[in-house]
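Please keep the sequence and the model in view while reading.

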Amino acid sequence: MNITLQIWRQDGPDRPGGFKVYEVDGISAEMSFLEMLDALNERLANQGDEPVAFDHDCREGICGACGVMIDGQAHGPQLGTATCQLHMRKFENGATITVEPWRAAGFPLIKDLVVDRSAFDRIIEAGGYITVDTGSAPDANLTPVPKPVADTAFDAAACIGCGACVAACPNGAANLFTAAKISHLNLLPQGQAERWTRTENMVEVMEEYFGSCTNHGECEKACPKSISIDFIAMMNSDYLRAKLKNRRLVAQ
Amino acid sequence: MTLQLDARIPAGPIEDKWENHKFSVRLVNPANKRKFKILIVGSGLAGASAAASLAELGYDVEVFTFHDSARRAHSIAAQGGINAAKNYKNDGDSVFRLFYDTVKGGDYRSREANVYRLAHESLNIIDQATAQGVPFAREYGGLLDNRSFGGAQVARTFYARGQTGQQLLLGAYQALARQVADGSVKLHTRVEMLDVVIKEGRAVGIVTRDLVSGQVSNHSGHAIVLATGGYSNVFFLSTNAMACNVSAIWRAHRKGAGFANPCFTQIHPTCIPASDEFQSKLTLMSESLRNDGRIWVPARPGDDRPSGQIPKEERDYFLERMYPAFGNLVPRDVASRAVKRIVDEGKGVGPLHNGVYLDFHDAIERERRNVIEERYDNLFEMYERITDEDPYEVPMRIYPAPHYTMGGLWVDYNLMTTVPGLYAIGEANFSDHGANRLGASALMQGLADGYFVLPMTIGDYLAEFLNQAPVPTDDPVFDEARAGVEDRVERFLATRGSRTVDWFHKELGKIMLEYCGMSRSEPGLNKALSEIPALYEEFRADLRVLGTAGGLNQTLERAGRVEDFFELSQAMCLDALRREESCGGHFREEFQSDDGEALRRDDEFSHVSVWEWTGDPGQPQLNIEPLTFEAVKPSTRSYK
C-alpha cells in the first residue's frame with residue numbers, strides 16, 4: 001500500500017507546531033497502525049530527520065499508552081479498537097491519513113503526538129480505590145457478589161485510561177473515565193464504605209481539569225473498550241445522592 | 001567464586017520456615033519506619049504492591065517509573081489468571097500441592113523454601129485483591145470461580161475474564177494512588193533509572209534521567225528495590241511490551257549484583273504467528289485457551305486444505321497423542337517444543353506454514369457459544385482484530401514466542417541481591433520458577449513479593465541503620481555514577497553512524513532466537529558468541545541517534561536499552577553453553593531422550609549459576625548456589 005500521512009509535529013509545549021506531509025510506500029496491509037509509524041520513523045532516521053514521537057507500549061490494546069486522532073477520530077475508524085490494534089487493512093491504498101495528538105485542555109502537549117495525561121492519576125488519587133491495608137482483608141469468599149453485579153462492575157473496570165473519551169468529547173470532558181472507576185467500585189459490596197466520599201471527591205477533582213459533559217455520547221463511540229455511557233448516568237445519580245449523604249454524615 | 005551466596009534459608013521443616021523467619025528477623029518499630037527512605041524502581045505488580053504496602057507500614061517511599069502513569073506497566077497485559085491454593089473447588093488442592101506443582105513445573109531448579117512461601121502467600125493475595133475490588137469471575141451464587149491451567153490437575157486459577165493482570169495491576173495501582181494522595185509515596189513518572197550508586201559495598205541510591213526534560217538526577221535512600229520485570233525483549237520479537245528491558249537489573253549487575261540463570265527463558269506456546277518482517281511484537285493468546293481449545297495439525301505434511309475440509313481422522317491432535325494424561329494442558333515448555341517439532345516436520349499451517357491450529361469447534365458444540373464467549377470473548381476479539389479471522393468460525397493459528405524470563409538477579413530468602421541494600425522483586429529476580437514457570441504463577445509471585453514478603457524482610461536490613469541519614473546526593477559516589485550516565489548519553493548522540501537502534505535490535509534478536517531460543521546446541525551457541533560481539537562493535541561504531549539529550553528523545557532511550565541487551569545476550573549464551581543438560585525452558589539438543597524429551601542431569605547441574613560482572617561481558621565469573629531438595633524428591637517430569 002502507498003499512503004500519504006499528514007502528521008502534527010511540535011517540538012515542545014511552547015514551540016510552534018504544524019502538519020508535515022510524508023509519503024509512505026510499501027506498507028503491508030498486515031501492519032498495525034503503529035508498525036506503519038515505526039516504518040515511517042525508520043525511514044525518517046535513515047534520511048536524517050528526527051522520528052515522530054508517540055506513546056505506545058504493550059501493543060495489545062490493554063496498557064492504554066497509545067492513542068492518536070486518526071482522521072479526526074480518537075483511535076481511528078474501527079469501533080472498540082485502540083490505535084495499536086488498528087490494522088492498515090482498514091485503510092484504502094492511496095489514502096491520505098491525518099494524525100494528530102489527543103486535543104484537550106486537560107492533556108497538555110509534550111512533543112509531536114505525546115501528551116500529558118497525568119490529570120487522570122489525580123482523579124484516581126482523589127478516591128479511585130478501596131481503603132484496605134495489606135494483610136487486613138477477610139477471606140475472599142466471605143462476601144458473595146451476585147454475578148450480574150460483578151459482571152457490570154467488570155464492564156466498568158475494563159477502562160484502560162487511554163484518554164480517547166476526553167479527546168473525542170467536544171467539551172474535553174473526562175466523565176466516562178471517571179464514571180467507569182466510580183461505578184466499578186461503587187457497584188461492589190467492598191466499595192460501599194467510601195461510596196459517597198469517593199464520588200464527591202473524584203467528580204470534583206475531575207472538574208478542576210476537564211470540561212463538562214453535555215451527553216454527546218462521542219466518548220462511548222471512541223472508547224477502545226466500548227464502555228457504556230450508562231455509567232455516567234450512574235455517576236451523576238451517585239453524585240447527587242452523595243451531596244445529600246455526605247452533608248448528613250458531616251452533620252452527625 | 002567471589003560472591004557471597006548465603007541464601008539465608010530459615011531452619012525448620014518446610015511448612016514452618018517462613019513463620020520461623022518472620023519471628024527471627026529484626027523489626028523496625030512503627031514510629032521509626034518513617035525515618036527510612038526506600039527507593040522503588042518500577043510500578044508493575046511487584047513494584048506497586050511493594051510501594052503501597054511499605055508506605056502503609058510507615059516507610060518513606062519514592063517510586064520511579066518510565067511510563068507516563070504507574071498503571072501502564074506490562075503486568076497489565078497478563079491475561080489468564082493467578083494461582084492460589086484456596087481449594088474452593090474441593091478437588092484436592094493444598095498449599096503443599098501448589099508448592100509441589102511449582103517445583104516440579106520448574107524442573108527442580110528453584111529454591112524449595114522460596115516456593116513454599118510463595119504457595120503459602122497465594123492464599124492472602126486473593127483475599128487482598130478481592131477486598132480491593134478486583135472483579136474476579138464469579139459463580140451464580142456469588143462466590144469466586146476457578147479454572148484449570150497448564151501443569152496442574154486441579155482448578156486453582158482465579159481470573160477476571162482474559163484481563164486478570166490488568167485488574168490486579170489496577171488494584172495495586174489504586175492502593176499506590178491512595179498512598180500518593182496521602183503524601184506517603186512520592187511518585188516520579190516518565191523517569192528512567194540509569195544506574196545504581198554503591199558506597200562501601202552497599203546500595204545507597206540511583207541516578208535517573210527525566211525522559212521529558214532530559215534532566216539527570218541523583219536520588220538517595222536507605223534501600224533500593226528493583227521491580228523492573230524481565231528481559232524477553234532481548235529476542236526483539238517477544239510478547240513483552242515495547243519498552244520492557246533489562247537495563248535496571250543489568251546496571252545493578254555491573255555494580256556487583258550476581259545474575260542468576262540468565263539462560264532460563266520461557267517460550268510461550270500460544271502466540272499469534274508472525275505475519276511479516278515489519279512485525280514489532282508478538283501477541284500472546286492466553287494459555288487458558290488450552291482448557292477448551294484442541295491443538296492439531298493435518299496428519300499429512302503439506303496438506304493445504306482449509307481446516308474445515310480436513311476430516312477428524314486426517315488430523316493429528318499431537319499433544320493429546322503424545323501426553324494422554326495432561327493432553328493440551330502440558331506445561332509451557334513441553335507444549336512449545338512439541339509445536340516446534342511438528343512445524344519443523346513440515347506440518348505447519350497458515351500462509352507461512354508457521355503455526356498449528358487451536359480449535360474451539362468441539363468446545364462450542366459441547367458448551368454452547370455463549371459459555372465460550374463469556375470465558376474468552378476479549379481474546380477472540382483481539383485475535384480477530386490482528387488476523388482478520390474469526391476464531392468462532394475457523395481455528396486460531398498459534399506458534400511459540402519468547403514470553404517470560406525465569407532468570408534474573410540472584411536474591412536470598414529476604415529478596416536481597418548480592419549487594420547489601422539492593423533488592424529485586426517480581427520477574428526481575430530469579431528465585432521461584434526454576435527453569436520453567438507455570439501459567440498463572442507470575443502474577444502470584446509479583447504480588448507475593450510486593451504485598452507480603454518484602455515488607456516483612458526489608459526491616460531486617462534497615463534496622464541496622466536507625467537514625468543514620470541516607471548518603472547525601474552530593475557525595476562523590478553519586479558524581480561518579482552520574483558522570484558515567486551523562487557520558488554514555490553523549491556517546492550515543494556523538495556516534496553519528498548510519499544504522500538505527502531498531503536495526504541493531506532486530507539483528508541481535510535474530511541471532512538470539514536462532515541460537516539461544518527454544519532449542520540450543522554447542523555449535524549454535526558458539527556461533528552466537530562470535531557473532532554478538534562483532535555486531536556489538538558495529539553498534540558502538542555505527543549507531544545513529546538523532547535529536548538531543550535535552551528533551552524527549554525516544555530513540556536515545558532505546559539506544560541504552562539495546563546496548564544492555566548486547567551485554568546480557570552474551571551472558572545468556574555463556575550460561576546456556578555451560579549448562580550441559582536440558583531442563584524446563586532450557587533445551588540443549590545434545591541432552592535429550594530417545595523420544596526427544598528433556599534430559600536433566602541432577603548430579604552435575606542441580607544448582608543456580610550466578611554470574612558475576614568482571615568488566616568484560618564475554619568473560620563473566622561463575623558462582624554456584626547448590627540446590628537441595630528435602631520436601632520434594634526430584635524425578636523425571638512426566639506428563640504422559
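## The interface between the chains

The contact between the two chains involves 73 residues from chain B and 76 residues from chain A. The model examined here is a predicted one. About 6,300 Å² is buried between chain B and chain A, and carbon and sulfur atoms contribute 50% of that area.

One salt bridge links the side chains of A:R89 and B:D388, with a distance of 3.9 Å from N to O.

Several helices of chain B build its side of the contact. At least two residues each are supplied by α3, α5 (112–131), α6 (164–182), α11 (369–387), α12 (442–462), α14 (501–516) and α16 (554–578) of chain B. Helix α6(B) gives the largest share of the side that touches chain A, namely nine residues. By residue class, the side of chain B that touches chain A comprises 29 nonpolar, 26 polar and 18 charged residues.

## The sheets of the two chains

Strands of a sheet pair through backbone hydrogen bonds, in either a parallel or an antiparallel manner. The table sets out one sheet from each chain.

| Chain | Strands in the sheet | Strand order | Pairing |
|---|---|---|---|
| B | Five | β5-β2-β1-β9-β17 | parallel |
| A | Five | β2-β1-β5-β3-β4 | mixed |

In chain B, the five strands form an open sheet with parallel pairing. Its edge strands are β5 (185–188) and β17 (422–424) of chain B, each of which pairs on one side only. From one strand to the next, the twist averages 20°. Helix α3 (residues 45–57) of chain B packs on this sheet and touches β1 (37–41), β2 and β5 of chain B; the direction of the helix makes about 165° with that of β1(B). Strand β2 (residues 60–64) of chain B runs parallel to β5(B) and is joined to that strand by four bridges. Within this pair of strands, B:V61 has B:V185 in β5(B) as its bridge partner.

In chain A, the five strands likewise form an open sheet, here with mixed pairing. Strands β2 (17–24) and β4 (73–74) of chain A stand at the edges with a single partner strand each, so one side of each has no neighbour in the sheet. Helix α1 (residues 33–46) of chain A packs on the sheet, where it touches β1, β2, β3 (69–70) and β5 of chain A, and its direction makes about 75° with that of β1(A). Four bridges pair strand β1 (residues 3–10) of chain A with strand β5 (residues 96–100) of chain A in the parallel sense. The bridge partner of A:I7 in β5(A) is A:V99.

## A residue in a helix of chain B

Which residues does B:L529 touch, leaving aside those up to four places away in sequence? B:L529 lies in helix α15 (residues 522–542) of chain B. B:L529 is in contact with B:Q570, B:C573, B:L574 and B:L577. By C-alpha positions, B:L529 and B:I364 are 48 Å apart in space, and 165 residues separate them in sequence.

Key. Residues are numbered from 1 along each chain as its sequence is written. Chains are lettered from A and ligands numbered from 1 in the order in which they are written. This is a predicted model: local features need pLDDT of at least 70, side-chain atom pairs count only at pLDDT 80 or more; totals for chains, interfaces and linings use all residues. Side-chain values use heavy atoms; hydrogens and water are left out. Two strands pair if DSSP finds at least two bridges between them. Axes are lines fitted to C-alpha atoms, for helices over the stretch in contact, and angles run from 0 to 180 degrees between N-to-C directions. Contact means heavy atoms within 4.5 Å. Buried area is the accessible area (1.4 Å probe) that two parts lose on being put together, summed over both. A salt bridge is a side-chain nitrogen of Lys or Arg within 4 Å of a carboxyl oxygen of Asp or Glu. Ala, Val, Leu, Ile, Met, Phe, Trp, Tyr, Cys and Pro count as nonpolar, Asp, Glu, Lys and Arg as charged, and the others, Gly among them, as polar.
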